[in-house]
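Reader: I would like to learn how to read this kind of structure. Please take one feature at a time.

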Amino acid sequence: MAGKDYYKILGVDKKAGEAEIKKAFRKLARKYHPDVNPDNKAAEAKFKEINEAYEVLGDSKKRKEYDTLGDRFFDNFQSKGSGFEGFNFNDFERAFGGFEDLFGGRMSSAKTAPVRGENLKYIVEIDLQDVVTGKTLEVSFYHSIGCAYCNSTGEKPGSKGKTCSTCGGKGSVISSRGFFQTSQTCRTCDGSGKVDIEKCAYCNGQGETQKYETISVKIPPGVDNGSLVRVAGKGNAGRRGGPSGDMLIEIRVRKKPGFRRDKQSLEINAHIPVTDAILGGTLEVPTIDGKASMSIPPGTQNDQRFRLKGKGLPPLGGGGRGDQFVKIKVDIPKKIDSGTKELVQRLAEKLKNN
């Protein structure tokens with residue numbers, strides 16, 4: 001039968017080393033992977049072809065036979081690397097993992113026990129204004145998903161392996177510690193129940209691959225430093241059919257110059273001349289919503305605080321807004337001319353007599 005040029009399929013020279021062949025395979029596998037090309041039959045066929053090529057060139061014994069026999073190689077070899085018939089590319093069930101027991105060992109009630117995937121954490125920064133209105137952000141990140149090529153088992157399609165003699169294929173062994181007995185994952189087969197398993201060439205036996213994804217995350221009003229927004233199912237893939245973990249978005253709120261925050265309350269300093277402190281006046285102050293005008297009553301003291309109702313921040317979960325406080329700082333002139341000094345002296349005498 002007519003053969004295939006596996007070197008040409010992978011785009012490598014016949015003298016290419018093992019590392020170069022592996023690198024070329026991974027590059028092409030990512031390009032034509034079913035996850036990247038959904039419902040693309042041509043890409044699926046190409047994906048099968050490059051896996052078939054790597055199955056031969058990635059195995060030193062098969063590669064030697066292929067180089068020696070030429071087209072006659074295909075009379076004696078039937079590729080098992082394209083086992084995609086009836087394959088479900090959306091089935092991301094994981095096959096490995098285990099629980100941590102009380103003694104620090106890996107524990108599993110059965111080799112098929114599902115394990116939830118790990119949560120991921122992502123930190124975002126928002127402005128103080130966003131605490132009032134909320135904000136939608138685009139978040140890009142890597143997380144693991146089940147390998148579509150091996151159905152998340154980590155095994156090369158068609159690989160059968162041998163029953164593990166340590167656990168008898170159960171995937172777990174009984175460990176006794178004094179009066180306690182625990183079921184622990186078999187260390188010989190790592191809980192799979194099988195040994196001498198050929199690894200999946202695409203995920204290198206991990207049962208998972210990395211995916212780069214961008215999602216929209218809605219940050220609700222009222223968040224504070226350390227607040228967490230949970231995005232369900234966007235963590236790492238689960239094991240043994242377990243659900244994926246979550247993405248935890250940690251909020252950091254940038255400080256706004258001049259503003260101090262205490263939960264839902266805001267506070268600023270406002271400077272006024274000594275004449276306004278004595279006589280009173282009108283003052284324009286910044287708020288999170290823009291400028292606001294407030295009255296300064298006669299006789300206002302240094303460090304006296306005034307409240308602007310409803311100019312603070314909302315609580316997380318909804319509700320009315322807090323208040324903003326204005327702390328008055330009376331500016332005393334450092335230098336005064338003789339005329340001003342005379343007026344102040346007269347004022348001092350007047351206040352003394354009163």
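Author: Begin with contact, which means heavy atoms within 4.5 Å. Leaving out residues up to four places away in sequence, I328 touches A270, I272, L283, I296, T300, Q301, N302, D303, Q304 and F306.

Reader: What should I know about the model before reading on?

Author: This is a predicted model, in which local features need pLDDT of at least 70, side-chain atom pairs count only at pLDDT 80 or more, and totals for chains, interfaces and linings use all residues. Residues are numbered from 1 along each chain as its sequence is written, and side-chain values use heavy atoms, with hydrogens and water left out.

Reader: How many helices and strands does the protein have?

Author: Helices (H or I, at least four residues) and strands (E, at least two) are DSSP runs, numbered from the N terminus. The protein has eight helices and 17 strands. Of the contacts with a separation of 6 or more, 66% are between residues 24 or more positions apart.

Reader: What percentage of the residues in the protein is buried?

Author: Buried means under 20% relative accessible area, exposed means over 50%, and partly exposed is in between (1.4 Å probe, protein chains only). Of the 354 residues in the protein, 40% are buried.

Reader: Which residues have the most contacts inside the largest nonpolar core?

Author: In soluble globular proteins, nonpolar side chains tend to be buried together. A nonpolar core is a set of buried Ala, Val, Leu, Ile, Met, Phe, Trp, Tyr and Cys residues joined through side-chain atoms within 4.5 Å. The largest one here has 37 residues, and those with the most contacts inside it are I219, I249, I251, V285 and I328. A second, separate core has 26 residues, including L10, I21, F25 and F73.

Reader: How do I check the span of a helix such as α2?

Author: The expected span is 1.5 Å times one less than the number of residues. Helix α2 (residues 18-32) has 15 residues and should span 21 Å, and its end C-alpha atoms are 21 Å apart, which agrees. For α3, with 17 residues, the reach from first C-alpha to last is 24 Å, close to the 24 Å expected.

Reader: Which residues of α2 are buried, and which are exposed?

Author: An α-helix has 3.6 residues a turn, so residues three or four places apart point the same way. In α2 the buried residues are I21, A24, F25, L28 and A29. Down the axis of α2 they fall within an arc of 130°, so they line one face of the helix. The arc is taken from the directions from the helix axis to the C-beta atoms. A19, K23, K27, R30 and K31 are exposed on the other side of α2. The cover over the buried residues of α2 includes α1 (6-10), α3 (41-57) and α4 (60-69).

Reader: Which residues are buried in α4, and how many are buried in α3?

Author: In α4 they are K62, R63 and Y66. These cover an arc of only 100° around the axis, which puts them on the same side of α4. S60, K61, K64 and T68 are exposed on the other side of α4. Helix α3 is mostly covered, with twelve of its 17 residues buried. Among them are F47, I50, Y54 and L57.

Reader: What is the order of strands in the open sheet of three strands?

Author: Two strands pair if DSSP finds at least two bridges between them. The order is β3-β11-β10, with mixed pairing. β3 (120-126) and β10 (228-231) stand at the edges, each with a single partner strand, so one side of each is left without a neighbour in the sheet. β3 and β11 (residues 247-253) run parallel and are joined by seven bridges. E125 stands opposite R252 in β11.

Reader: Where does a hairpin occur, and which strand runs parallel to β13?

Author: β12 and β13 form a hairpin with two residues between them, and K263 in the turn has a positive phi of about 60°. β12 (residues 260-262) and β13 (residues 265-273) pair in the antiparallel sense over three bridges, and R261 has L266 as its bridge partner. β13 is also joined by eight bridges to β17 (residues 324-331), which runs parallel to β13. Another hairpin joins β14 to β15 through two residues.
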